Amino acid sequence: MERTQRESRKQLVSPERRYMRLQVVGMSFGLSILPAIILACMFNLGAFVGQIATLLFVVGCAFFFFGLVGRQELKEQKGRETNGDDEQN
C-alpha cells in the first residue's frame, strides 16, 4: 500500500491574525502571574515573588500592546487604501 506524504509547508497567516496572536500571548503572560507566584512560594523563592510578577507583567504588556498597536496600524492602512481608491474614482 502506498503512503501519501503530507507537505510540511507553513500556512500563510494574515498580518491581522499575527497581531491577534501577540495579544493572546500577552494575555497569557498576564494570566500566568498567579500560578507563578504560587509555584515560587512552594519552592521557597518568596524573595523573588515581586520580581517574577513584575517580569511577567511587563513582558505580557509589551506583547499585548505591540499586537494592539499593530492591528490599529493595519486598520488605518486599510482605511487609507480604501479612501485613496474612492478619490481616484
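Which side chain meets that of Lys-78 in a salt bridge? In this predicted model, the partner of Lys-78 is Glu-16, with 3.9 Å from N to O. Lys-78 belongs to helix H3 and Glu-16 to helix H1, so this contact ties together parts that lie 62 residues apart in sequence. Lys-78 is partly exposed, its relative accessible area being 48%.

Glu-16 also forms a salt bridge with the side chain of Arg-71, at 3.6 Å from N to O. The structure holds two salt bridges, and Glu-16, Arg-71 and Lys-78 are linked by them in a network. Glu-16 has a relative accessible area of 29% and is partly exposed.

The aromatic rings come next. A search of the whole structure finds three aromatic pairs. One of them joins Phe-29 and Phe-63, which are stacked, with 5.7 Å from centre to centre and 20° between the planes. Phe-29 lies in helix H1 and Phe-63 in helix H3, 34 residues apart, and the pair thus links distant parts of the chain. Phe-29 counts as partly exposed at 26% relative accessibility, and Phe-63 likewise counts as partly exposed at 30%.

The rings of Phe-64 and Phe-65 have centres 5.3 Å apart and planes at 80°, so this pair is edge-to-face. Phe-64 is partly exposed at 24% relative accessibility, while Phe-65 is partly exposed with a relative accessible area of 44%.

Technical notes
Residues are numbered from 1 along each chain as its sequence is written. This is a predicted model: local features need pLDDT of at least 70, side-chain atom pairs count only at pLDDT 80 or more; totals for chains, interfaces and linings use all residues. Side-chain values use heavy atoms; hydrogens and water are left out. A salt bridge is a side-chain nitrogen of Lys or Arg within 4 Å of a carboxyl oxygen of Asp or Glu. Buried means under 20% relative accessible area, exposed over 50%, partly exposed in between (1.4 Å probe, protein chains only). Helices (H or I, at least four residues) and strands (E, at least two) are DSSP runs, numbered from the N terminus. Rings of Phe, Tyr and Trp (its six-membered ring) pair if their centres lie within 6.5 Å; planes under 30 degrees apart count as stacked, over 60 as edge-to-face and the rest as tilted.
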